[in-house]
Amino acid sequence: MSNQFVLSNKINVDRFWSYVRIGADNQCWEWQGAVDDQGYGRFHIGRSRSATMLSHRVAVGISSGLEPEAVCHSCDNPSCCNPSHLIAGSRLLNNQDMTAKGRHWSVACPEKSVKGEAHGSAKLSESSVAEIRRLYAQGGVSQREVARTYSVSQRTIAKVINRIGWPHVKDDG
């Protein structure tokens, strides 16, 4: 039976596995080739001269014949290529797994998760957000009018009003 993933991506299976330090079934099988800044293995595939794919995705493709939208590591080791440690799924599943395990940048690096006035691109202040909500709740003014007053987009005002943006700001009163 042919593996459509291998065929469509023109993958040399023997060459791929030569870059993996294969151990026992319960161990991580470490990628020995090139890695990116996050430690994920990169493998050259034959689609074009410069095409590469994440090594753990190739491992899943070779072992299952599928090319999933995303692949989760049950071992949380970015260089692991052991198919028994890899779970094919969706981006949503991958993001939920990452966040639940505290690996999302906003959890792992809270200093990068700057919100509100402390954000370098903020055009509003907490007091202006409270004022925007108060003005709009009184009625008689459109989101576009409020946006012009504060030199921001109507979309920004909609997010403020619906508490999608600046949700930490409490209403006065």
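Helices here are DSSP runs of H or I with at least four residues, strands are E runs of at least two, and both are numbered from the N terminus. The model is predicted, so local features need pLDDT of at least 70 and side-chain atom pairs count only at pLDDT 80 or more, while totals for chains, interfaces and linings use all residues. Residues are numbered from 1 along each chain as its sequence is written, and side-chain values use heavy atoms, with hydrogens and water left out.

View 1. Just past helix 8, R163 has a positive phi of about 60°, even though R163 is not a glycine. R163 sits in the segment after helix 8 and is partly exposed, with a relative accessible area of 38%. For the burial words, buried is under 20% relative accessible area, exposed is over 50% and partly exposed is in between, using a 1.4 Å probe and protein chains only.

**View 2. Helix 8 and its neighbours.** In helix 8 (residues 154–161), the buried residues are I157, A158, V160 and I161. Looking down the axis of helix 8, these fall within an arc of 160°, so they line one face of the helix; the arc is taken from the directions from the helix axis to the C-beta atoms. They pack against helix 6 (126–138) and helix 7 (143–150), with contact meaning heavy atoms within 4.5 Å.

**View 3. The loop at S151.** S151 lies in the loop between helix 7 and helix 8. Its phi is near 55°, a positive value in a residue other than glycine. S151 is exposed, at 54% relative accessible area.

**View 4. Helix 3 and the largest nonpolar core.** A nonpolar core here is a set of buried Ala, Val, Leu, Ile, Met, Phe, Trp, Tyr and Cys residues joined through side-chain atoms within 4.5 Å. The largest one has 18 residues, and I11, F16, F43 and V58 touch the most other members. Helix 1 (4–9) and helix 3 each give two or more residues to this core, and helix 3 has the largest share, with 4 residues. V58 is in contact with F5, I11, F16, F43 and M53, leaving aside neighbours within four places in sequence. Helix 3 is mostly covered, with 8 of its 10 residues buried. Just after helix 3, G65 takes a positive phi of about 85°.

**View 5. Around Y19.** Y19 is in the loop between helix 2 (13–18) and strand 1 (20–21). At 33% relative accessibility, Y19 counts as partly exposed. Leaving aside neighbours within four places in sequence, Y19 is in contact with E30, W31, Q32, G33 and F43.

**View 6. The largest pocket.** On a 1 Å grid over the protein atoms alone, a pocket is an open set of points where a 1.4 Å probe fits, with protein on both sides within 12 Å along at least five of seven lines; lining residues have an atom within 4 Å of a point. The largest pocket has a volume of about 440 Å³, which is the space filled by probe spheres set on the points. Its lining has 20 residues, with Y40, H56, V71, N94 and R103 nearest the centre. Helix 3 (55–64), strand 5 (70–73) and helix 4 (91–100) each supply at least two lining residues, and helix 4 gives the most, with 5.
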